[in-house]
Amino acid sequence: MNQTTPPVTPIDERLKWVESFSRLLDNQFKMPGTNFRFGLDPIMGLLPVVGDLSSFAMSGVLVMTMAKHGASRALVVRMLFNIFLDAVIGSIPIVGWIFDFGYKANLRNVELLRKHYQEGKYQGKGTGFIIGVLAGFLVLFGLLMYVLWKVAEYLWLWASSAW
């Protein structure tokens, strides 16, 4: 028997904006003459600290929305890891900017949610879970700020010893 894969459908009507916003952040633009796509995330990453924190915050809003609409705890942890990895590595000068072009955390998270829905693991409204996600997001934000502070401190000491 020949099995065909079901057509890709939107996750849920309420989450169409999540897909659109993720595409804007990670995949909106196409490099002329190539198949290479990128979004606003790596462009915002050109602004030291402010761009990375803005991107991190926008990704957090997307994860919060996905959690509100039925993402499981394990799935949200994976999503938070994706955006944390994107934010930490993305904050490293030059290397992070290149990383941002390739590692599309928001699109990865939307794909994780799509699979979650297709596998029937949708859990309904996760309103009670949102507080835990918000707390986790704030902890990750604090860790990110700490890492950025330590990197800036190291760079400052390195630059001052070079003079």
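Guide: Let's start with the overall build: the secondary structure comes to 7 helices and 2 strands. Keep in mind that this is a predicted model.

Visitor: In what pattern do they follow each other along the sequence?
Guide: The pattern reads α-β-β-α-α-α-α-α-α.

Visitor: What makes a residue "buried"?
Guide: Its relative accessible area has to be under 20%. Of the 163 residues of the protein, 40% count as buried. In helix 5 (95-102), for instance, Gly96, Asp100 and Phe101 are buried, so each of these has under 20% relative accessible area.

Visitor: Why do you say the buried residues of helix 5 line one face?
Guide: Look down the helix axis: the buried residues fall within an arc of 150°, so they line one face of helix 5. On the other side, Val95, Ile98 and Gly102 are exposed, which means over 50% relative accessible area for each of them.

Visitor: What do the buried residues of helix 5 pack against?
Guide: They pack against strand 2 (37-38), helix 2 (40-44), helix 3 (50-68) and helix 4 (73-90).

Visitor: Why is the space you show me called a pocket and not a cavity?
Guide: A probe in a cavity cannot get out, whereas a pocket is an open set of points. The largest pocket holds about 360 Å³ of space.

Visitor: What lines the largest pocket?
Guide: There are 18 lining residues, and Pro48, Val49, Asp52, Ser91 and Pro93 lie nearest the centre. Helix 5 and helix 7 (127-162) each supply at least two residues of the lining, and helix 7 gives the most, with 6 residues.

Visitor: How many of the lining residues are nonpolar, polar or charged?
Guide: The lining has 13 nonpolar, 4 polar and 1 charged residues.

Visitor: Where does UniProt place the feature "transmembrane region"?
Guide: The unreviewed UniProt entry puts it at residues 43-67, 79-99 and 129-149. Such annotations may be inferred rather than shown by experiment.

Visitor: How much of residues 43-67 is helix in the model?
Guide: That span is 80% helix and 0% strand, and its end C-alpha atoms lie 27 Å apart. Residues 79-99 come out at 81% helix and 0% strand, with the end C-alpha atoms 17 Å apart.

Notes
Residues are numbered from 1 along each chain as its sequence is written. This is a predicted model: local features need pLDDT of at least 70, side-chain atom pairs count only at pLDDT 80 or more; totals for chains, interfaces and linings use all residues. Side-chain values use heavy atoms; hydrogens and water are left out. On a 1 Å grid over the protein atoms alone, a cavity is a set of points where a 1.4 Å probe fits but cannot get out, and a pocket is an open set with protein on both sides within 12 Å along at least five of seven lines; lining residues have an atom within 4 Å of a point. Grid points are joined across faces, edges and corners, and a volume is the space filled by probe spheres set on the points. Helices (H or I, at least four residues) and strands (E, at least two) are DSSP runs, numbered from the N terminus. Ala, Val, Leu, Ile, Met, Phe, Trp, Tyr, Cys and Pro count as nonpolar, Asp, Glu, Lys and Arg as charged, and the others, Gly among them, as polar. Buried means under 20% relative accessible area, exposed over 50%, partly exposed in between (1.4 Å probe, protein chains only). The arc is that of the directions from the helix axis to the C-beta atoms. Contact means heavy atoms within 4.5 Å.
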